[in-house]
Amino acid sequence: MHPLLHSSSLLLLMIIGFVVGDEDTSIPYPFRLDGQTPNCSGRGFELKCADNNPVVEIMSQQYLVLRLNLDKIITVVRKDIVDDDGCPHKLVNTTLNSTLFDYRPATIENLTFLYNCTNEVPPWVASGSVCKNGFYLEQRDSEDPQKTNQIRSCRSRIEIPAPRSLHEGQNPDGLKAALKKGFDLIYKDDLWCIRSPHECVYNMTTEKFDCLCPSKAKKIGAVDPNFQPCGVPQNCGDGQNIKFPFYIQDKQNAFCGYPGFNLSCNKNGQPIISISRSNYIIQKLFYQNQTIRVSNPAFPYSNSNCIPLISSISLPNDRFELAPNQTNLFLFYNCNSSLHESLPSHFYSACDGKNESSSVLALSKNDRKQLSYVSKECRSEVMAPVEAYRNGSDGIVEVLRIGFLLKWKASNCNICEESGGWCGFNHSTSSPKCFCPDRPHASSCKPTPGQFLSLEFSLFVGIGILMTHLVLAGPFTKCLTS
């Protein structure tokens, strides 16, 4: 059993006691044991006991809780990995509810699990990294061109968060045992409310945390109308939470996103963004560093080595720019036959419906001499961004299929979200806002230090007002400290 850790600074947190197995321990606010008073925590912070261990459910995936402390850090491991001796039983990517959790910065890198492989497991893969349904790929192996060629037979892969230390050191015994040590998440709550002269309780009507403010005679539950809509997570079906600066048309309000960052959903449940009048699939959103991985849906997901007819992308400079370590490929169509003789290794079959007899010439932007010559011998030319690759033309079709990284240009939302708010946009003033329970603010819901002093003073003179608030609370139940 993994005992939960907690600090002795109980003055800052509401503590709820519970029993895990044979040990009597405690969990800090905003978590609670399933079945206890719901007003003492929010939805998504419930813990259950499974085989004498606490379990939290995030985006329909169960995680064993290994550690939990008052620094807003929770260490978890996927339960299916523990149950199956370090191997993923559910072959799905790990996704978070970004309204409640974030990865702990600078501590995590994704580990690749390959499956649906037609060839045998390569001999350089440690036995402790091999499962009956696939095998783990270490970071250093994924960057080795020779080894990369040996795993091309694997048609499917998932990404599993792992401690960065796994990538930095050698793992002679394999990765299965190391993965069971878990990874760190930051949980989001209104801890600043408790540290101020406020009380934080969960509003069962609005499904949000509210602060009982002793200095204002405001009825509890009166929440700014812009706050609630932007706090409801939405996705297209693939589990990726869509939030500021993006928003899904027909699912989310436009003021919850930034102008020009509207998305749609395709029939496969993937978010789609339109750039220069072409649609791109958003494969992954990285909110921490404001980047997205996009791919052109024209490229087939099969092992086909053909290149389809695509259009050049022109990035809107006010919204996106290429992320670091990206480069450009040049695709040439309808070229003179003489080029087939002089550059045979640079030609690929064209995906032309059922006809793959035509060819496409692909060159890197570094092939400057050839680019100048080839552009005169081909009828059409397309520039396609890709991630920088190592192994020359052998990897061109694959990198085109994988896509590329874009960095978006919009207000950073971290400060607002950490204060308990939701980012949005005021179209009347054409400026970003932080939507808070009381009203929109410029960048944060947190009171300034001067406001804290004012609240401390008014706590004494306004005790009668506070009692009136508690009477009006209705759906609230005050959580007692232990």
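Predicted model: local features only at pLDDT ≥ 70, side-chain atom pairs only at ≥ 80, totals over all residues.
**A walk through the strands and disulfides**

In strand S29, Pro432 is the bridge partner of Phe425. How many of the five residues of S28 are buried? Four of them are, so S28 is largely enclosed by the rest of the structure.

Staying with S29 for a moment, look for Cys434. A disulfide joins Cys416 to Cys434, with an S to S distance of 2.1 Å. The pair links distant parts of the chain, since Cys416 is in helix H11 (residues 414–418) and Cys434 in strand S29, 18 residues apart. The link is right-handed, with 85° about the S-S bond, and both Cys416 and Cys434 are buried.

Now let us move to the sheet that holds strand S27. It is an open sheet of seven strands with mixed pairing, and its order is S16-S17-S18-S19-S20-S27-S22. Strand S16 (247–248) and S22 stand at the edges with a single partner strand each, so one side of each is left without a neighbour in the sheet.

Follow S27 (residues 404–408) through its two pairings. On one hand, four bridges join it to strand S20 (residues 291–295), and the two run antiparallel; here Ile292 stands opposite Leu406. On the other, three bridges join S27 to strand S22 (residues 320–322), again antiparallel, with Phe320 opposite Trp408. Four of the five residues of S27 are buried, so this strand is largely enclosed by the rest of the structure. S20 also pairs with strand S19 (residues 278–286), in the antiparallel sense over five bridges. In that pairing Leu285 stands opposite Ile292 of S20, the residue that stands opposite Leu406 in S27.

The disulfides deserve a tour of their own, as the count comes to nine. One of them joins Cys236 to Cys265, at an S to S distance of 2.0 Å. Cys236 lies in the loop between helix H7 (227–230) and S16, while Cys265 lies in strand S17 (residues 262–265), so the pair ties together parts that are 29 residues apart in sequence. This link is left-handed, with -70° about the S-S bond. Cys236 counts as buried at 13% relative accessibility, whereas Cys265 is partly exposed at 32%.

Another disulfide joins Cys335 to Cys378, with S to S 2.0 Å. The torsion about its S-S bond is about 105°, so this disulfide is right-handed. With Cys335 in strand S23 (residues 326–335) and Cys378 in strand S26 (residues 378–387), the pair ties together parts that are 43 residues apart in sequence. Cys335 is buried at 17% relative accessibility, and Cys378 is buried at 11%.

Finally, turn to a loop residue. Thr94 is placed in the loop between helix H1 (79–83) and strand S8 (101–103). Is Thr94 buried or exposed? At 3% relative accessibility, Thr94 counts as buried. Its side chain makes a polar contact of 3.1 Å with the side chain of Arg78. Leaving aside neighbours within four places in sequence, the residues in contact with Thr94 are Tyr63, Arg78, Tyr103, Glu159, Ile160, Pro161 and Lys284.

Definitions and conventions
Residues numbered from 1 in each chain as written. Heavy atoms only, no water. Buried < 20%, exposed > 50% of the residue type's maximum accessible area, 1.4 Å probe, protein only. Polar contact = N/O pair within 3.5 Å; in protein donor to acceptor, adjacent residues only side chain to side chain. Contact = heavy atoms within 4.5 Å. Pairing = 2+ DSSP bridges. Disulfide = S-S within 2.5 Å.
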